[in-house]
Amino acid sequence: MRHVIDNRVPAHPVPVIRIRRLTKSYGHGDATVHALRGPDDPETGGPAGVGLDIEQGDYVAVMGSSGSGKSTLMNILGCLDVPTSGRYLLDGIDVGHLDEQQLSLVRNRKIGFVFQSFNLIPRTTALAQVELPLAYAGVRTAERRRRAMAALSLVGLAERAGHKPNELSGGQQQRVAVARALVTAPALLLADEPTGNLDSRSTEEVLALIDGLNATGRTVVLITHEDEVARHAKRVLRLVDGQIVDDVRQAPVDGPPPFLYEAEVRA
Amino acid sequence: MILWQTLRFAVGGLAANKVRSALTMLGVLIGVASVILLLAVGNGSSQAVKDSITSLGTNSLTVSAGSAAGGSRATSSVKKLTVADAKALASDGDSSAIKSVAPVVTTSGTALYGNISYSPGSIVGTYPAYFETANQKVAHGEYFTDDDVLGSRKVAVLGATTAKQLFDTEDPVGKKIVLGGTPFTVVGVLQAKGGSGFTDPDDVVIAPLPTVQNAFTGFGPVNQILVQAASADTTTAAQAEITRVLLGTHAIADPSKADFRITNQASLLTARESTTKTFTVLLGAVAAISLLVGGIGITNIMLVTVTERTREIGIRKALGAPRAVILGQFLTESTLLSVIGAGLGVAAGLIGSHFSIVGIKPVVIPESVLGAFGIAVAIGLFFGSYPANRAASLRPIDALRHE
Ligand SMILES: Nc1ncnc2c1ncn2[C@@H]1O[C@H](COP(=O)(O)OP(=O)(O)OP(=O)(O)O)[C@@H](O)[C@H]1O
Ligand SMILES: [Mg+2]
């Protein structure tokens, strides 16, 4: 028997996110809005689409003025929306070929989402909110409770487990949302302006959580308008009119996130 | 476990809008209760007709004077029915269709017992064959006999109501009552038949024909001749036989000019029974419509709920809720609405059927209870599936952007 042993280490491991020639447009004819367009195609003159790779463990901040297409990009990355054209490979799998059933599995297992407007479910306790993704994953009740409590403790809200959204402050609600996003231990955390509605103290708390998640190897993509927030990222993308015009690396992919690092140095 | 979770979410969803849920359930409740109750009323009235058919006596035919074609003919030409006619029918040798014949005179008067005076609904003079033909059975004492008729004896059989009025708890048999100035000995009391119409069939005094004629009407014509056919199958043959014999005794050649009428009570009531069936079907249709309206109420409320909770659906989908879970949640909610509504409706219908409605005692049809409940639940599923499906097939981003 002959074994072929492949000792070659891939130069680049498969990126968590790989998008190619991705466009998203709304409307028809003259009223068409290209929310994501990329540079103009020299041959056709139309939009060539956005291309982007994000490595495992990276911490990417997406910046840009209002209406530049940040949320549009994020929703496609989170499999909440489908692109008009182009390909999106998540962990090497082409998401465009998945059916609704498989997409809901992807959203449940691979992605954690944090929204600017918290998006907690009304009239539901913090514990139940955090248990929800586990329930959809089919985790048993006792196990679910244990893991949800652990996630709530991580965000420092263990003693608020029985509170409903209308009994929590904005910062606390966002921390519940973070706990909900991390409870399934997804490889990819997507956050659309997670600190947009928070004061500076709550912002610090939420960012510390996200930094911690990245430090443990999670890939994070976060949208923000604030330079303070963007400083936490290892890489900063800048969008203008549906195009990536700027891509700056602030720290290496395989190191700790810059702020966590500085904090350690100071200590 | 997932089922329990879904049920808890559904109850929570309904509890979030208590008044709205209660009103929707009320729609289903009214639908189910009206199906059960209206069908019970229809059933009760046809039951009453059926009972009066059996109490009337099967196979009985009534011959009365008057033209069959209605009142257009001059009454002067109408020959009254006589005892002779009855005798001709009874002695008609070659008829196997006719079993027995009883001429009947009916009159009214006052009965006295001691110092108690009472006017029975009717005083009937007839032959003993009447008892079997009219399905009158003696509960206590005896019938009067052919000998009593031949001897014009002053004996009487009392209906249950009359006996109660005159004698209360006393035993009437052997006692003497005075009818129209003539003393009668009571020989028997009839079984109570129970009334279904306006007249009480138990409020009656039955005595031998010549005795009543002697005391009240005189020996003229009789009011009716009651004929019992040999069996239900021979009523038509008996009817033909009666026509033939009476045309002979009345010397009429043309059957269309007959001066008597034969009515078959049982068939008359069968016709009435089919009318009540139509009535039941109509009531059922009205009830079914109200059930349908209840179902549309569920659809309406579920559509509102879905619209209201579109954002929530979006969040759940973003967290990875599969389509089936969302579908299940809203279907459970709508089914819960219809199950609770239908359950309360069954209770309301059953309670309501204990009261008599417009003089009819409702008789619940067990199938209608199961049917109404089942249909209501099916309606909940069916009408809930449209909004639930709409919720489940929303794209997450569209649901999240909804305001
Ligand atoms: N559902 C939609 N229908 C039509 N146009 C849309 C829709 N969603 C977004 N757009 C358009 O796409 C463009 C990009 O929108 P997007 O929400 O991605 O902006 P953004 O960068 O997130 O802005 P902000 O910082 O204000 O959140 C905008 O011009 C917007 O008007
Ligand atoms: Mg946005």
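I began with the area buried between chain B and chain A, which is about 2200 Å², with carbon and sulfur atoms giving 59% of it. I note here that the model is predicted.

**Entry 1: residues at the interface**

I next looked up the residues in contact. On the side of chain B there are 21, and they meet 25 residues of chain A.

I then asked which charged pairs join the two chains. I found a count of two salt bridges between chain B and chain A. I recorded the salt bridge between the side chains of Lys317(B) and Glu100(A), with an N to O distance of 3.9 Å. This pair qualifies because a salt bridge requires the side-chain nitrogen to lie within 4 Å of the carboxyl oxygen.

**Entry 2: the side of chain B that touches chain A**

Which helices of chain B each supply at least two residues of this side? I listed helix H1 (2–16), helix H10 (310–318) and helix H13 (396–401). The largest share comes from H10(B), with six residues.

I also sorted this side of chain B by residue class.

**Entry 3: the place of ligand 1**

I turned to ligand 1 and found that it lies between chains A and B. Its surroundings consist of 13 residues, and the closest are Ser66(A), Gly67(A), Lys70(A), Ser71(A) and Thr72(A).

I asked which helix gives the most to the shell around ligand 1. I identified helix H1 of chain A, residues 70–77, which contributes three residues. By class, I recorded two nonpolar, eight polar and three charged residues in this shell.

**Entry 4: atoms close to the oxygen atoms of ligand 1**

I looked up individual distances to oxygen atoms of ligand 1. For Gly67(A), a backbone N or O atom lies 2.9 Å from such an oxygen. For Ser71(A), the atom is a polar one of the side chain, at 2.7 Å from an oxygen of the ligand. For His225(A), a polar side-chain atom is 3.0 Å from a ligand oxygen.

Finally, I asked how much of ligand 1 the protein buries. Taken alone, ligand 1 exposes 630 Å², and the protein buries 64% of that area.

Technical notes:
Residues numbered from 1 in each chain as written. Chains lettered and ligands numbered in written order. Predicted model: local features only at pLDDT ≥ 70, side-chain atom pairs only at ≥ 80, totals over all residues. Heavy atoms only, no water. Contact = heavy atoms within 4.5 Å. Buried area = accessible area lost by both parts, 1.4 Å probe. Helix = DSSP H or I, 4+ residues; strand = E, 2+ residues; numbered from the N terminus. Near = heavy atom within 4 Å. Polar contact = N/O pair within 3.5 Å; in protein donor to acceptor, adjacent residues only side chain to side chain. Areas by Shrake-Rupley, 256 points an atom, 1.4 Å probe, with all protein chains shown as cover. Nonpolar A, V, L, I, M, F, W, Y, C, P; charged D, E, K, R; others polar.
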